[in-house]
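Here is a short note to go with your first look through this structure. Keep the viewer open and take the points in any order you like.

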Amino acid sequence: HPPPMLRIILFSSLLSLVSAYESSCTSDCSATSVPRCGVWMNSERIKEADGIYKLNEGVMNVSCSFSSLPGPSSISWLHRPSSLSTWMPFTCSSKDEQISCSPSSAQTVSSVCILRTSALNMTGSYKCEAVVDTGSDNAKASSSEVSISVEGIESVQIVDKSLVDDRQGYVEAKICANPQPEVWWSTGGEGLLKPGQSLSNYASSHLAKTLVRENPSGPASPLPYCYQVRLIVNRVNKGEGISLLVRSHGDESTTKIVSASSHIFSFLSFFFVLSTFFF
Ligand SMILES: *[C@@H]1O[C@H](CO)[C@@H](O)[C@H](O)[C@H]1NC(C)=O
Ligand SMILES: *[C@@H]1O[C@H](CO)[C@@H](O)[C@H](O)[C@H]1NC(C)=O
């Protein structure tokens, strides 16, 4: 039997080894010799996600895994709408991250990102990036990139209208859809009308990109995936029944446009009721 003092030392060093194994998530590395400090990719499942996703129905499922020294890397997921824009962090619909620590070799971090394609502006490229603090600087590594397109009709809104019996009138619609939608106006008396066409009582503007201006004197820039179109009615018939039909890559929508200004009034009174409630 070893003397009691030695037994205590043996026992406590065994204990510290066990607790180091459980809590330590750093291991030795060097800037100049092996093992080197830094981060490198283990595996990824990114390219497989490439393709077209349906608006509100698609689920992009991507993952990446990195090893690093001395500590675990922090992984972020990045998106850019087009190759001209900068990479920005985005929030996955759900994310699962697993860290496996080692006191003697590299630390491994794996991240799975699930993104529900609930907006057209999720179109673009995605990648993940890992960063580790090596003590002297930050080392970085990136996965490959995947390009996706989110397609469907996001919204059809009547943004302005005036339809008063026996007067000249108009209806202006804003449509957000990808790819660029096909549009028809269904008129009460004269059938279908496409943007850029005219009939005897109706004329439609071309479909044009919606422009937004951040401040009144600044430049206007197009709102991605949104278009505007205006129907002119030479003389509004009583009970005029106009509809807007929109089609974008298999997705379809029909919007009935209620004649006269009763719609506007109910809209205003709704806000009036709301404001009396809250203020
Ligand atoms: C994501 O993909 C992985 C691997 O194909 C699969 O095991 C996992 O169930 C998927 N997750 C979802 C939410 O689809
Ligand atoms: C993307 O579109 C959604 C609505 O569809 C909007 O709420 C969000 O702010 C947009 N994000 C960016 C970065 O433009």
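A polar contact, as used here, is a pair of N or O atoms within 3.5 Å. Please also keep in mind that this is a predicted model.

1. Start with ligand 1. The residues around ligand 1 are Arg 45, Asn 61 and Ile 114. In the side chain of Asn 61, an N or O atom is 2.4 Å from an oxygen atom of the ligand, which counts as a polar contact because the cut-off is 3.5 Å. Arg 45 also brings a polar side-chain atom to 3.2 Å from an oxygen atom of ligand 1. On its own the ligand has 360 Å² of accessible area, and the protein covers 32% of it.

2. Then turn to ligand 2. Around ligand 2 you will find Ala 119, Asn 121 and Glu 154. Asn 121 has a polar side-chain atom 2.4 Å from an oxygen atom of this ligand, and for Glu 154 the corresponding distance to an oxygen atom of ligand 2 is 3.5 Å. Taken alone, ligand 2 exposes 360 Å², of which the protein buries 24%.

3. How many aromatic pairs does the count give? The count comes to one aromatic pair. Its partners are Phe 90 and Tyr 126, arranged edge-to-face, with 5.0 Å from centre to centre and 80° between the planes. The pair links distant parts of the chain, 36 residues apart: Phe 90 is in the loop between strand 5 (88–89) and strand 6 (94–100), while Tyr 126 is in strand 8 (residues 124–133).

4. Another aromatic ring deserves a look. Arg 230 lies over the face of Tyr 170, at 4.3 Å from the ring centre.

5. Arg 80 belongs to strand 4 (residues 74–80) and is buried, with 17% relative accessible area. Leaving aside residues up to four places away in sequence, Arg 80 touches Ser 85, Thr 86, Trp 87, Thr 123, Gly 124, Ser 125 and Glu 145.

6. Now for the backbone. Most peptide bonds are trans. Here, though, a cis peptide bond joins Leu 69 and Pro 70, with omega about 5°. Pro 70 sits in the loop between strand 3 (59–69) and strand 4. The bond from Asn 178 to Pro 179 is cis too, with omega near 0°, and Pro 179 is found in the loop between strand 11 (169–178) and strand 12 (182–187).

7. Where are positive phi values found in residues other than glycine? Asn 56 has phi near 70°; this residue lies in the loop between strand 2 (51–54) and strand 3 and is exposed, at 59% relative accessible area. Asp 166 has a positive phi of about 70°. Its place is in the loop between strand 10 (146–162) and strand 11, where Asp 166 is partly exposed, with a relative accessible area of 44%.

Note on methods. Residues numbered from 1 in each chain as written. Chains lettered and ligands numbered in written order. Heavy atoms only, no water. Phe/Tyr/Trp six-rings, centres within 6.5 Å; stacked < 30°, edge-to-face > 60°. Helix = DSSP H or I, 4+ residues; strand = E, 2+ residues; numbered from the N terminus. Lys NZ or Arg CZ within 6 Å of the ring centre and 35° of its normal. Near = heavy atom within 4 Å. Polar contact = N/O pair within 3.5 Å; in protein donor to acceptor, adjacent residues only side chain to side chain. Areas by Shrake-Rupley, 256 points an atom, 1.4 Å probe, with all protein chains shown as cover. Buried < 20%, exposed > 50% of the residue type's maximum accessible area, 1.4 Å probe, protein only. Contact = heavy atoms within 4.5 Å.
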